[in-house]
Amino acid sequence: MTAKQPNNLPLWVQDRDTVIAYSTHAKWRYQIPPDYTRSNENLAKESTCNHLEGTLEAIVQNLVRTFEMEVSFKSNPQQWLSVVNDKFRISTNGGKEFTAAEVSAQGTYNLFMADSEHYKASEESFESSAKLFHSTFPQGFPWEVLEVYSGPPNVTFKWRHWGHFQGAYKDFAPTGETVEIIGMSVARVTDDLKIVALEHYFDNTLFLDKLTAGGKMENSENKGGGCPFSSWFKGLKKS
């Protein structure tokens, strides 16, 4: 694998499709590499920012998207290119720090959201949490960098996560609205732009309030099963 690309930037801050193409020996969580075709189409239509290639904003955005792709789809964290595996730590809102192995085993939703009235992280697995949110946002849940306030080694940036609430969230009815989360993060990186530590700050209570705003569905016990596994997997690999 070539560590640098023609623009002389490390592979892990290239477009994530490029990272996937070079990850020929990766152990994929669902046996095949993810397909971001639909996600890329949504980004082209709905992103509020269009960062020029090679700018600090584009580099930070690519790095975090690569990290999210590797967490979601590379089952062996030792194969993650975007982090310094033995030193990596991640936290949310000043809470507990987690290692790469813990994130790989439990998933980002479970580590970032913990237990609350409308989400019980302790009762969810990596697979069940991924299935839940991919069915809630069947068109995907894209992410973009809005602004970068400081460069390496401590990169501070503002971001936006959004999705169209078109599938039921547990037994709560979809509203069809666009659910948007605005947050801040601080990434401590090495000289070659691998992540050593990542701190996220956002209001996850507001996020869950939006997902329960539609109220309980009638006969929710009969509707809570969601889509068949095959339909979920098809959506998952293209989100």
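Which residue forms a salt bridge with Arg 160? Hold that thought for a second. What you see above is a predicted model, so everything I say today is about a prediction. Now the answer. Glu 180 is the partner, and the closest N and O atoms are 2.5 Å apart.

Let me stay with that pair. Glu 180 sits in strand E4 and Arg 160 in strand E3, so the bridge ties together parts that are 20 residues apart in sequence. Arg 160 is buried, with a relative accessible area of 8%. Glu 180 is partly exposed, at 34%. There is a third member here. Salt bridges that share partners join Glu 144, Arg 160 and Glu 180 into one network.

Now let me step back to the whole chain. The protein chain has nine helices and five strands. Along the sequence, the pattern runs α-α-α-β-α-α-α-β-β-β-β-α-α-α. The chain has 239 residues, and buried ones make up 49% of them. Take the contacts between residues at least 6 apart in sequence. Of these, 62% join residues at least 24 apart.

An α-helix has 3.6 residues a turn, so residues three or four places apart point the same way. What covers the buried residues?

On to the core. In soluble globular proteins, nonpolar side chains tend to be buried together. In this model, the largest nonpolar core has 58 residues. Those with the most contacts inside it are Phe 67, Tyr 119, Phe 133, Phe 157, Tyr 169, Phe 207 and Leu 211. Which helix gives the most to this core? H3 does, with eight residues.

Let me pick out Tyr 119. Leave aside its neighbours within four places in sequence. Its contacts then include Tyr 109, Met 113, Leu 132, Phe 133, Tyr 169 and Leu 208. Glu 124 and Lys 170 are also in contact with Tyr 119. Keep those two in mind.

Now the rings. The count comes to 14 aromatic pairs. I will show two. In one, the rings of Phe 133 and Tyr 169 have their centres 5.9 Å apart and their planes at 35°, so the pair is tilted. Phe 133 lies in helix H6 (126-136), and Tyr 169 lies in the loop between E3 and strand E4 (178-189), so the pair ties together parts that are 36 residues apart in sequence. Phe 133 is buried, at 2% relative accessible area. Tyr 169 is buried too, at 0%.

The other pair is Trp 143 and Phe 157. Their ring centres are 6.3 Å apart and the planes are at 85°, so this pair is edge-to-face. Trp 143 is in strand E2 and Phe 157 in strand E3, so parts 14 residues apart in sequence are tied together. Both residues are buried.

There is also a ring cluster. Ring pairs link Tyr 109, Tyr 119, Phe 133, Phe 137, Phe 141, Phe 165, Tyr 169 and Phe 207.

Some rings have a charge over the face. Arg 16 lies over Tyr 36, at 3.8 Å from the ring centre. Arg 29 lies over Phe 126, at 3.7 Å from the ring centre.

Last, back to salt bridges. How many are there? The count comes to five. One of them joins the side chains of Lys 170 and Glu 124, at 3.0 Å, N to O. This pair links distant parts of the chain, 46 residues apart. Lys 170 is in the loop between E3 and E4, and Glu 124 is in the loop between helix H5 (108-113) and H6. Lys 170 is partly exposed, at 32%. Glu 124 is buried, at 18%.

Glu 70 and Lys 74 also meet in a salt bridge, at 2.9 Å, N to O. Buried or exposed? Glu 70 is buried, at 0%, and Lys 74 is buried, at 1%. Thanks, and over to you.

Technical notes
Residues are numbered from 1 along each chain as its sequence is written. This is a predicted model: local features need pLDDT of at least 70, side-chain atom pairs count only at pLDDT 80 or more; totals for chains, interfaces and linings use all residues. Side-chain values use heavy atoms; hydrogens and water are left out. A nonpolar core is a set of buried Ala, Val, Leu, Ile, Met, Phe, Trp, Tyr and Cys residues joined through side-chain atoms within 4.5 Å. Buried means under 20% relative accessible area, exposed over 50%, partly exposed in between (1.4 Å probe, protein chains only). Helices (H or I, at least four residues) and strands (E, at least two) are DSSP runs, numbered from the N terminus. Contact means heavy atoms within 4.5 Å. Rings of Phe, Tyr and Trp (its six-membered ring) pair if their centres lie within 6.5 Å; planes under 30 degrees apart count as stacked, over 60 as edge-to-face and the rest as tilted. A charge sits over a ring if NZ of Lys or CZ of Arg is within 6 Å of the ring centre and within 35 degrees of the ring normal. A salt bridge is a side-chain nitrogen of Lys or Arg within 4 Å of a carboxyl oxygen of Asp or Glu.
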